[in-house]
Structure formats: C-alpha cells, structure tokens
Amino acid sequence: MSELNHVGLWNRCLEIIRDNVPEQTYKTWFLPIIPLKYEDKTLVVQVPSQFFYEFLEDKFVDLLRKTLYKVIGDGTKLLYNVMVDKSSRTTVNLESTPRTIIPQKKIIGKEIPQTPIADLDPHLNPEYNFETFIEGYSNKLSRSVAEAVAQNPAKTIFNPLFFYGASGVGKTHLANAIGTKIKELYTDKRVLYVSAHLFQVQYTDSVRNNTTNDFINFYQSIDVLIIDDIQEFAGVTKTQNTFFHIFNHLHQNGKQLILTSDRAPVLLQGMEERLITRFKWGMVAELERPTVELRKNILRNKIHRDGLQFPAEVIDYIAENVGDSVRDLEGIVISIMAHSTIYNKEIDLELAQRIVRKVVKNESKAVTVDDIINVVCKHFSLDTATIHTKSRKREVVQARQIAMFLAKTYTDFSTAKIGTLIGNKDHATVLHACKTIKELREVDKAFRAEIDDIQASLKKQG
C-alpha cells in the first residue's frame, strides 16, 4: 500500500482512540506515534523510546487491539519501531505482545506459510543437571527456586532469576541445570546459555559488521536466556544499553531470564541503575560457600560417580580443609587419584594432606565472627560490646562495617546471619557495609593499608 494508505489507516485509528481516552493522554501518548508502513497485514509505527513502547503495551494494549481490529480487520499485526539512540538515529523493531495481535482467521487454501526458526544449540553442559547438583543448607533455597523455574519457565514470580555468590559455589551448574531440565520438558523452547563475555564479543562484532539489528533480533527470539557472569558488563555502556532492550523485550513477552554474578545486584559497580533495578524484579538468590557437611556429600557423590574409593578419614580431611569452592574439591580428588596412580601409592590421609597443602593457601583454623570482632575492636581500641550497640559514632559504625565485610570474606555465613551476629542488623545493612568498605579500599590507600593490617592480625589468630 502507498504512504497515503498507512498514514490514512493510522489517522482513522487515532479518531477512535481520541474518543476513548482523555485529551491530555491522547496528546502525550498517541500523537507522537508516527506510522511508517503497512504491508503483509502488519502496521509499523515509530515510537520515541523504549519506555514509550513499554507504557503503551502496559496501559493501552486492549484499546490498540480493538482499534486495529475495527479499522484494518482480522489478522492485523502491530510492530513498533523504537528509537534506542537518538544521536545516531538507531532503531530496533519490537513486536507487540500477543494480546495486541488479532487472531488470524484460517482461509482454506490461502494460509500464509510460517518460516520456521532454525534449531538452536543451547550450549548447555549436560553434566550440570539437578541430579549432579548436591543440595545442602547453603544452596537449598536457590535449588528450590531453580526447580520451580525449570518446571514452569516465565510462569513463576522468579523472572528474572538472579543467582550470586563467590566463584565455584555452583551458580553455573544450577543455571545450566535449569536449562537442561527445560529442554527435557519443553523440547520446542529456544534455550540459550551464554557467558556475558561472549555476549559482549558478539555485540562488538555485530557493530563492526553493521549487523546489530540481526544480533538483537536473534536474542529477542530466545525463550529462556541464561547469561553467566553478568558482572562482566560493568563499564561497557553500549553493551548494557543493548542488553537492556533485549531484557525488556524478553521479559515483556513472557520469556524467562536467568542471570548469574559473583556479587549481589546492589554491589555491581559500573552497571546502569535501570539494569540493576530490573535484576531485582524477580528473585535474587545467594549461593553461599558450602558447609563442611555439604562438602563431604559433594566429595562422596563425585567419588561414587567416578567409581573410586576413598577412606572416610580422607573425605573428612578434604572437606574440613578445602572450603572455598566446589571446583577445588573436585580438583583435589583428581590430584589425589593422579598421584596414587602415577606413584603407585595408596590413597590415605598422608597423601591427602600432602596434596591439600599444595592447593590450599592457608591451612590455619577457620576464622570465626568472634575472632573478627575481637581483632577489629582491638585495632580501633573499642570494647567488643560497643560493636553490638546502636551507636552511630563514626568510629563505631566503621568498625562494625569492617567486621561485616571481613565476616563475609572469611566465613560461610549468609549476609542475614552475619547481620544477626554483628549488631543484630539486617541483610541490607550488611550488603551496604560490604559495598562501602570495598569502595573505600579502592580509593583510599591509607584505609586499604589499615584493612591489610587487620587481615594480617586475623591470620596470626589462625
């Protein structure tokens, strides 16, 4: 159809819309819309921003649907051309949500063939599944939420699902397990696991090759998108901006997002606030460092799966002395087996001790919260009871924040538990303390030296 026709069609739509909304609403939300073309039963309109698009879809979806049906008829589709970068006049096309699409009547002998979307390699690791993910107190909540999402992707309140925790605690394993289970239950769903680093490389290549729209359209076709190590987007503004639009499109169209990070959303520096806000829309779940009992169970499971036999005392020793990472535990088992095979040595406590000493940096006894409080208070010449009071004196507040930061660094406790043990504070206070101390360390050399002194004193306690 000619330009006159698509402009004329939209003007007829505007006449109906104007009669159904207040005049100010009409001027604010409908007059700025520019009709671009009408072809293949699709009306393309340009809107000034992503927010504009989201607002229309959220508030006026039924009005748009009924108006399109009345003016144009059955089978009409609405496509938004959204301005994402005004300086470069960059736009992306976003489909209307299914609610605004008029059902297509079937015409015998005249059905328009649909182009099938090519099969997609989800890039999942099949070994990372729920069967091989060992549950314990430190990951029970995260696992429960993960299983709920796997059973009903995008149908639970856990969207997006944001896992965070230190390296090696099982975030990647659990994210993959969700994807693997979804592919088992819903074979037609397009599931994709991708690291944040690879996403960034792909985006950079698309800019260089002038294929950014293809890149965006591909990611907008995914049903379950898993992004690992999202913290790597920090400071990369253009990548963040593009992901923001992809995130919005997927979330608004009922697709599941699963993200992992080495820190909580509130601690993500160099990340746009609008992204951080969206990360917190669904469920933010922490995977804590595994407890001793969980570490024993992980070891027993791996040894059993590999058809090996370790004495109980060897398993206990490894679990009690290798605590930071599940990967470290598995690496120790491999090292012990290699030494046993190559040197024809029996797997015993002496061999385990020798291997562990080479891997674990500090074999001293575990640091407790009481140790931390004592060392911090001694450093600042404070009575240990002071740290538990409601005092807002600067030196007390800082000592309390440092104690919380060190407790998060040296213990297996959750932020909620740390808050309870240090001043009876809540989870948010501990997160804020960790962020404050980390930032101070990065910008203040004298403060960093002070923290180093406290940590050196802690090591002597061990």
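**Close-up 1. Helix 11 and helix 13 cross with a right-handed sense.** The model shown here is predicted. Helix 11 covers residues 292–305 and helix 13 covers residues 326–342. Their axes lie 10 Å apart and the two helices pack at an angle of about 45 degrees. That angle makes helix 11 oblique to helix 13, because angles under 35 degrees count as roughly parallel and those from 65 to 115 as roughly perpendicular.

**Close-up 2. Residues of helix 11 meet residues of helix 13.** On the side of helix 11, the residues in the contact are R295, I298, L299, K302, I303 and R305. Helix 13 contributes V326, L329, E330, V333 and I334. Sorted by class, the contact between helix 11 and helix 13 holds seven nonpolar and four charged residues, with no polar ones.

**Close-up 3. Helix 8 has buried residues at F215, I216 and Y219.** Helix 8 spans residues 212–219. The three buried residues, F215, I216 and Y219, cover an arc of only 95 degrees around the axis, so they are on the same side of helix 8.

**Close-up 4. Q398 is a buried residue in helix 16.** Helix 16 runs through residues 394–410. The relative accessible area of Q398 is 16%, and Q398 counts as buried because this value is under 20%. With neighbours within four places in sequence left aside, Q398 is in contact with F380, L440 and F447.

Conventions: Residues are numbered from 1 along each chain as its sequence is written. This is a predicted model: local features need pLDDT of at least 70, side-chain atom pairs count only at pLDDT 80 or more; totals for chains, interfaces and linings use all residues. Side-chain values use heavy atoms; hydrogens and water are left out. Axes are lines fitted to C-alpha atoms, for helices over the stretch in contact, and angles run from 0 to 180 degrees between N-to-C directions. Helices (H or I, at least four residues) and strands (E, at least two) are DSSP runs, numbered from the N terminus. Angles under 35 degrees count as roughly parallel, over 145 as roughly antiparallel, 65 to 115 as roughly perpendicular and the rest as oblique. A crossing is left-handed if the near helix is turned anticlockwise from the far one by less than a right angle, and right-handed if clockwise. Contact means heavy atoms within 4.5 Å. Ala, Val, Leu, Ile, Met, Phe, Trp, Tyr, Cys and Pro count as nonpolar, Asp, Glu, Lys and Arg as charged, and the others, Gly among them, as polar. Buried means under 20% relative accessible area, exposed over 50%, partly exposed in between (1.4 Å probe, protein chains only). The arc is that of the directions from the helix axis to the C-beta atoms.
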